[in-house]
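Subject: Structure handover

Hi,

Here is the structure you will be working with. Please open it beside this email, as my notes follow below.

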Amino acid sequence: MRTRPLGSSGIQASVIAMGTWAIGGWMWGGSDEDDAIRAIHAALDRGINLFDTAPIYGFGHSELLVGKALKDRRDKAIIATKCGMVCNTRAGELKMRSTASGPSEHGHVEVYIYNHPESIRREVEDSLARLQTDRIDLYQTHWQEGVTPIEETMGALMRLKEQGKIRAIGVCNASVAQMQRYRSVGPLDSDQEKYSMLDRKLDAEQAPQSQAQWCSKNNAAILAYSPLVLGLLTGAATPDRVYAEGDLRRTHKRFTVENRTRIQALLARFQPIAARHSCTLGQLVIAWTIAQPGITHALVGARTQAQIAENAKGGEITLSQKDLHEMNEALKGFELVM
Ligand SMILES: NC(=O)c1ccc[n+]([C@@H]2O[C@H](COP(=O)([O-])OP(=O)(O)OC[C@H]3O[C@@H](n4cnc5c(N)ncnc54)[C@H](OP(=O)(O)O)[C@@H]3O)[C@@H](O)[C@H]2O)c1
């Protein structure tokens, strides 16, 4: 497995990272603890050392599972978690209501984006306890809000770094202007953005001043999240698949039967390229993602050992210019019905 640096932190992280949103269960129709732990161990065995989680993923459940799975292998793993999505306040900005995103066994909750120093100082202690560790390797603000000055947020993060509680600082879902404000206070090592074949806002031709451009100029990693579009691009999202109660894909506009049918037709065009590499469609999509300029790491979600083993191999495939050209031609003009 290839590794690339997380900015200037000195941390080398595998180009394929394991995303652990789904194993948190909430919004994904539940999760199986044993499967999740086996998947995390399988990831490490396949050379994946970067694990991305967040307190909001299953309201702490994802962090608890990551902590449980890695406590005996802590030195082999790079743990990335986040702060700033909280349910214990009405300060900051309202991000979502649980009822709008599927039922929650935690009842009706309102999730706020809140990056205030005091709140972050509380959150980091809770995350360290759930993760059963004394340090977080990469600590990221999960979303950005306009209430807390970014300089104050970054000041608090820098203090946590001085205290040895976190090793590197990252952001998610941030604009270039916001990243510049973080960087005016201290080193920013990564940005996590949604990026896939269907989410191309980081591409240079679409956004010459994109986060990806900024990150490569400023020595920060770009972690692409949801590269499989919540599983849509693996081939497993067939038109007849029924998603469980509480799985956000049940009512997701990209997952209508019509859209899943369109995706299958797109994937059929990739099949000859996958055959050339003796790989699955999911692996081909992952290989395409990390071949894109500016994308340093792909955060791929998985719930099982088999899925993560398959995904890890996607990091070992090198696509030729011909492969990339053929895939990009197939993508030209491709649209889902929204
Ligand atoms: N910073 C942010 O705001 C943000 C937002 C979203 C995600 N993220 C991070 O990015 C990670 C990845 O994104 P994601 O989980 O949204 O979506 P994703 O990686 O695009 O898709 C993950 C889903 O695809 C399916 N899948 C994965 N591997 C498969 C395989 N080999 N064969 C068949 N199906 C497979 C699984 O769902 P099923 O098995 O249920 O089909 C899995 O849960 C998250 O876990 C999280 O760490 C961050």
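First, a term for what follows: a helix crossing is right-handed if the near helix is turned clockwise from the far one by less than a right angle, and left-handed if anticlockwise. Helices (H or I, at least four residues) and strands (E, at least two) are DSSP runs, numbered from the N terminus.

Two notes on the source. This is a predicted model: local features need pLDDT of at least 70, side-chain atom pairs count only at pLDDT 80 or more, and totals for chains, interfaces and linings use all residues. Residues are numbered from 1 along each chain as its sequence is written.

**Helix pairs**

Two packed helices are described by the angle between their axes and the distance between the axes. Axes are lines fitted to C-alpha atoms, for helices over the stretch in contact, and angles run from 0 to 180 degrees between N-to-C directions.

Take α8 (residues 281-290) and α9 (residues 305-314). They pack at about 45°, and their axes are 7 Å apart. That angle makes α8 oblique to α9. (Under 35 degrees is roughly parallel, over 145 roughly antiparallel, 65 to 115 roughly perpendicular, and the rest oblique.) The crossing of α8 past α9 is right-handed. On the α8 side, the contact uses G282, Q283, I286 and A287; on the α9 side, E310, N311, K313 and G314. (Contact means C-beta atoms, placed from the backbone, within 7 Å.) By class, these residues are two nonpolar, four polar and two charged. (Ala, Val, Leu, Ile, Met, Phe, Trp, Tyr, Cys and Pro count as nonpolar, Asp, Glu, Lys and Arg as charged, and the others, Gly among them, as polar.)

The second pair is α4 (residues 150-162) and α5 (residues 176-183). Their axes come within 8 Å and cross at roughly 50°. α4 and α5 are therefore oblique to each other. α4 also passes α5 in a right-handed crossing. Here I150, E151 and M154 of α4 meet Q178, R181 and Y182 of α5. That contact has three nonpolar, one polar and two charged residues.

**G314**

G314 sits in helix α9. It counts as buried because 25 C-beta neighbours lie inside 10 Å. (Buried takes 20 or more other C-beta atoms within 10 Å, exposed 12 or fewer, and partly exposed is in between; C-beta atoms are placed from the backbone.) Beyond neighbours within four places in sequence, G314 is in contact with I16, G282, Q283, I286 and A287. G314 and I286 are 28 residues apart in sequence, yet their C-alpha atoms are 5.4 Å apart.

**The ligand**

The ligand is surrounded by 27 residues, and the closest are G19, W21, L228, G231 and G301. The shell divides into 12 nonpolar, 12 polar and three charged residues.

**The loop between β12 and α7**

V229 lies in the loop between β12 (221-225) and α7 (257-276). L230 is in the loop between β12 and α7 too. Phi is near 50° for V229, a positive value in a residue other than glycine. For L230, also not a glycine, phi is near 60° and positive. V229 is buried, with 21 C-beta neighbours inside 10 Å. L230 is buried, with 21 as well.

T256 is found in the loop between β12 and α7. It is partly exposed, with 15 other C-beta atoms within 10 Å. T256 and Y114 are 142 residues apart along the chain, and 33 Å separates their C-alpha atoms.

Best wishes

How values were computed:
Two residues are in contact if their C-beta atoms, placed from the backbone, lie within 7 Å. A residue is near a molecule or strand if its C-beta atom, placed from the backbone, lies within 6 Å of it.
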